[in-house]
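Colleague: I have a few minutes before the meeting. Can you put the model up and take some questions?
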Amino acid sequence: MSSVLSRGQWPTMAASLALAVALAAPADAQRRRDREVLEALEARVGVLERQIRADNVVALINAQDELRREIQALRDMMERLDQEQRRNAELRRSQFAVLEERLAALEAARLPRPPEGAANTGGQPPAPDEASASASDASLGPQAGSEPPGGIAAGTEENYQQARTLLGEGRYEAAATQFLRYLEAEPKGLLAANARYWLGEAFYVQGRYDEAAAAFSRVAADYPDSGKVPDALLKLGYTQDEMGDTSAAVLTLERVRQDFAGADAANLATLRLAQIEARPR
């Protein structure tokens, strides 16, 4: 077969080439259009991605600003609550002091008053006769009637009130001294349970927990019928907790909660027990 096309085959070859060119032209155009569409789509996708990133940044900034506003609002609310709590605490302390003074006055009103003329114009009591001196020694003990430089006799209502005043002024050591003077003179007096309790308080605020625990324990042991027993046991539990004897503190506070249910001391004992339970182990 000859490799050279005959002249008669040229028209056929030319027609085939023309047909191929004609067929290829639309395909190239279609590919170009496809590329253009693809590039346009890619450009739109890029724009959308940039918009999304920008929108996310704006959203994050807005969310951050909102969180800042909420945090500031919470801080303002906490500050108001702290101020209100401090005011309430001051009010409770004032009311407590007033109630204690009224209670002390009521209890003191039950004390026997000394007869008129018990003290002369020089401020010194007249010398008792032998019989009355013996009775006084038997009932008041060796410290009864002794007077400090201020002229207040031990074991008297004035002695007790002096100790309470010193305690209220924050002079805890002096207050403890005067409560002890009262108790040495009147260990079974009408104000003895109160004096013993406040003696424990004077020790407690000084961090003298061993002495405070002893004083609070003696309120319950020596004056079981006193209204100070619930408070004394409550503070004994506090003191034991401060000393690190948590087991003893829990037992004491549970006793207060069970034996004096409904009393303020029982409610405070419940709160302290919850605080102890919430501590990390």
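This is a predicted model: local features need pLDDT of at least 70, side-chain atom pairs count only at pLDDT 80 or more; totals for chains, interfaces and linings use all residues.

Colleague: Fine. How many helices and strands in the protein chain?

Modeller: There are nine helices and zero strands. Read along the sequence, the pattern is α-α-α-α-α-α-α-α-α.

Colleague: What share of the residues is buried?

Modeller: Of the 281 residues in the chain, 27% count as buried. The accessible surface comes to about 19,000 Å², and 58% of that belongs to carbon and sulfur atoms.

Colleague: And the contacts, how many join residues at least 24 apart?

Modeller: That is 48%, taken among contacts between residues at least 6 apart in sequence.

Colleague: On to the core. Which residues of the largest nonpolar core touch the most other members?

Modeller: Tyr-160, Phe-179, Tyr-182, Leu-183, Phe-216 and Leu-253, out of 37 residues in that core. At least two core residues come from each of α3 (157-168), α4 (172-185), α5 (192-205), α6 (209-222), α7 (229-242), α8 (246-259) and α9 (264-278).

Colleague: Which helix gives the most?

Modeller: α5, with nine residues.

Colleague: Take Leu-253 from your list. What does Leu-253 touch?

Modeller: Leaving out residues up to four places away in sequence, Leu-253 touches Leu-234, Gly-237, Tyr-238, Ala-269, Arg-272, Leu-273 and Ile-276.

Colleague: Different topic. At what angle do α3 and α4 pack?

Modeller: At about 160°, with the axes 8 Å apart. Angles over 145 degrees count as roughly antiparallel, so α3 is roughly antiparallel to α4.

Colleague: Left-handed or right-handed crossing, α3 past α4?

Modeller: The crossing is left-handed.

Colleague: Which residues meet there, between α3 and α4?

Modeller: On the α3 side they are Asn-159, Tyr-160, Gln-162, Ala-163, Arg-164, Leu-166 and Leu-167. The α4 side has Tyr-172, Ala-174, Ala-175, Gln-178, Phe-179, Arg-181 and Tyr-182. Tyr-160, Phe-179 and Tyr-182 were also in the list of core residues that touch the most other members.

Colleague: Last one, the lysine. Where is Lys-235?

Modeller: Lys-235 is in helix α7.

Colleague: Is Lys-235 buried or exposed?

Modeller: Buried, because its relative accessibility is 11% and the cut-off for buried is under 20%.

Colleague: Which residues does Lys-235 touch?

Modeller: Tyr-197, Glu-201, Tyr-204 and Phe-216, again not counting residues up to four places away in sequence. Phe-216 is one of the core residues that touch the most other members.

How values were computed:
Residues are numbered from 1 along each chain as its sequence is written. Side-chain values use heavy atoms; hydrogens and water are left out. A nonpolar core is a set of buried Ala, Val, Leu, Ile, Met, Phe, Trp, Tyr and Cys residues joined through side-chain atoms within 4.5 Å. Buried means under 20% relative accessible area, exposed over 50%, partly exposed in between (1.4 Å probe, protein chains only). Helices (H or I, at least four residues) and strands (E, at least two) are DSSP runs, numbered from the N terminus. Contact means heavy atoms within 4.5 Å. Accessible areas come from the Shrake-Rupley method with a 1.4 Å probe; for residues, only the protein chains shown count as cover. Axes are lines fitted to C-alpha atoms, for helices over the stretch in contact, and angles run from 0 to 180 degrees between N-to-C directions. Angles under 35 degrees count as roughly parallel, over 145 as roughly antiparallel, 65 to 115 as roughly perpendicular and the rest as oblique. A crossing is left-handed if the near helix is turned anticlockwise from the far one by less than a right angle, and right-handed if clockwise.
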